[in-house]
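This report goes through a few parts of one structure in turn. Please look over the sequence and the model before reading on.

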Amino acid sequence: MVLPKVDVVVVGGGIAGVSAAARISSTHSVVLLEQENELAYHTTSRSAAVYIENEGGPVFHRLSTASRPFFDESPGADAPLVTPMPVLSVGNDAMGADLEAEVREASAVTPSITFVQGSELLELCPVLDPTVATVGMLEDTAGTIDVMGVHQNFLRMARANNTEIWRSARLTAASRANGVWSIETEAGPIQAATIVNAAGAWGDVVAERCGVPAVGLSPKRRTAFTSPVGQDPSSWPFIYSGIPDLECYFKAEAGEQLLCSLSDEAPSEPCDAKPEELDIALAIERINTISTLGLRSVSTTWAGLRTFAPDRNPVFGLDDRVDGFVWMVGQGGCGIVTSPIAGEIAASLVRRDALPAAVTDLGLTTEQLAPRR
Ligand SMILES: Cc1cc2nc3c(=O)[nH]c(=O)nc-3n(C[C@H](O)[C@H](O)[C@H](O)COP(=O)(O)OP(=O)(O)OC[C@H]3O[C@@H](n4cnc5c(N)ncnc54)[C@H](O)[C@@H]3O)c2cc1C
């Protein structure tokens, strides 16, 4: 039997997989494998959909900044993929000096980031309790993302370049001989020169099935929900509280609803994550402490897995022990925002090119993103 053979097999149909397939397929033949019968079933469809640059530390910050032009252009989309919505991270008096220092560092990359305090907070968000939230860091050029629009956009690009999408096609095993991977999937076998591992929470599982040592990924569950707010919240910024024991966030949604979360990080196995009722109750309590909202009920609930490398930076690189294996994992809470540049990085890795200039111009190196750094 002659096996189907392509240049690259991408594992994972979330935002990481489709952004990689979109860019790689302009020069290579690609098959994308997704274990579920629909794409974007796991973390990608469960995010808070916030475009924020200063999130996840300096490495993620720079990758998010490098992704900005894609969102500003929104190529091929009928409507902008990001709608403006400032992000306000609030703190208490004791956090003022640290927040000011963070603003100084972060504004060197994103100049719209400023320090705010006192009555400025209430002008930005009139429902904050000014006795609890007293200082803040404002990212004025942040926004809310049309996540499925971004996913569709990459999928369209990949399909236009003849990428084949295999659904219900879990990778179950792979071995490499003479520079070629022989890959077993639930939809049949296939051969490829390169495997791109964009399997999210399953990143280490997929690696081990390919005989590649794990990098130590930790999936962490985060529960989110919507709650009716009884007024129009559309002019409020996304509010994130970093106040000790009052960590939480809320964001305006259509229909006078708020999207809310405790910002929880419960360790989890890779799985179809389910929401945790206690985390919802605690989030409501905290949001009602930092604000005058008085939330009481819940409309919808969900949970997703944010997956981190041990140092909480992304793992975007060629494996140094097994040839022809590219890692695109560990996107934590920034995988949607960073997907445009991540796709370009994946393509540069497959082509054995240097990192894109948009990344190196901001001071990032191959070593900072490498699997075994
Ligand atoms: C509550 C919450 C809020 C968030 N908010 C934001 C935000 O505001 N902004 C932001 O940028 N990010 C946010 N994130 C993070 C973001 O959602 C993730 O970083 C991103 O979705 C990760 O995408 P992915 O493609 O790597 O993972 P996934 O979407 O999980 O895709 C991985 C895919 O691989 C498939 N797969 C696994 N194993 C196999 C196999 N063996 N064979 C074939 N396929 C396989 C899975 O089925 C899955 O579809 C949030 C996450 C959560 C949970």
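Is Arg 221 buried or exposed? The model is a predicted one, and in it Arg 221 has a relative accessible area of 18%. Buried means under 20%, so Arg 221 is buried.

**Arg 221 and its contacts**

Arg 221 belongs to strand β13, which runs over residues 218-228. Neighbours within four places in sequence are left aside in what follows. Arg 221 is in contact with Asp 264, Glu 265, Ala 266 and Ser 268, and also with Ala 273, Lys 274, Glu 276 and Asp 279. Trp 202 is 19 residues away from Arg 221 along the chain, and the C-alpha atoms of the two are separated by 14 Å.

**The ligand and its shell**

The ligand is surrounded by 38 residues. The closest are Glu 34, Thr 44, Val 50, Leu 171 and Val 337. By class, the shell divides into 17 nonpolar, 14 polar and seven charged residues. Helices α1 (15-24) and α6 (203-209) and strand β18 (300-308) each supply at least two residues of this shell.

| Residue with the backbone N or O atom | Distance to an oxygen atom of the ligand |
|---|---|
| Val 50 | 2.9 Å |
| Gly 332 | 2.9 Å |
| Ile 336 | 3.0 Å |

Taken alone, the ligand exposes 1,000 Å², and the protein buries 97% of that area.

Thr 44, one of the closest residues to the ligand, lies in the loop between β2 (30-33) and β3 (50-51). With a relative accessibility of 9%, Thr 44 counts as buried. Apart from neighbours within four places in sequence, Thr 44 is in contact with Gly 14, Ile 15, Val 147, His 151 and Ile 336. Ile 336 also has a backbone N or O atom 3.0 Å from an oxygen atom of the ligand.

**Helix α3**

Which residues of helix α3 (residues 96-106) are buried? They are Gly 96, Leu 99, Val 103 and Ala 106. Seen down the axis of α3, these buried residues fall within an arc of 100°, so they line one face of the helix. An α-helix has 3.6 residues a turn, so residues three or four places apart point the same way. The cover over the buried residues of α3 includes helix α2 (58-73) and the strands β5 (87-91), β6 (113-117) and β7 (135-139). On the face turned away from the buried side, α3 carries the exposed residues Ala 97, Asp 98, Arg 104 and Glu 105.

**Two residues with positive phi**

Most residues other than glycine have a negative phi. Ser 263 is not a glycine, yet its phi is positive, at about 60°. Ser 263 is found in the loop between β16 (257-261) and β17 (266-267), and at 14% relative accessibility it counts as buried.

Arg 352 is likewise not a glycine and has a positive phi of about 60°. The loop that holds Arg 352 lies between α8 (339-350) and α9 (357-360). Is Arg 352 buried or partly exposed? Its relative accessible area is 45%, so Arg 352 is partly exposed.

Note on methods:
Residues are numbered from 1 along each chain as its sequence is written. This is a predicted model: local features need pLDDT of at least 70, side-chain atom pairs count only at pLDDT 80 or more; totals for chains, interfaces and linings use all residues. Side-chain values use heavy atoms; hydrogens and water are left out. Buried means under 20% relative accessible area, exposed over 50%, partly exposed in between (1.4 Å probe, protein chains only). Helices (H or I, at least four residues) and strands (E, at least two) are DSSP runs, numbered from the N terminus. The arc is that of the directions from the helix axis to the C-beta atoms. Contact means heavy atoms within 4.5 Å. A residue is near a molecule or strand if one of its heavy atoms lies within 4 Å of it. A polar contact is a pair of N or O atoms within 3.5 Å; within protein, one must be able to donate a hydrogen and the other to accept it, and residues adjacent in sequence count only if both atoms are side-chain atoms. Accessible areas come from the Shrake-Rupley method with a 1.4 Å probe; for residues, only the protein chains shown count as cover. Ala, Val, Leu, Ile, Met, Phe, Trp, Tyr, Cys and Pro count as nonpolar, Asp, Glu, Lys and Arg as charged, and the others, Gly among them, as polar.
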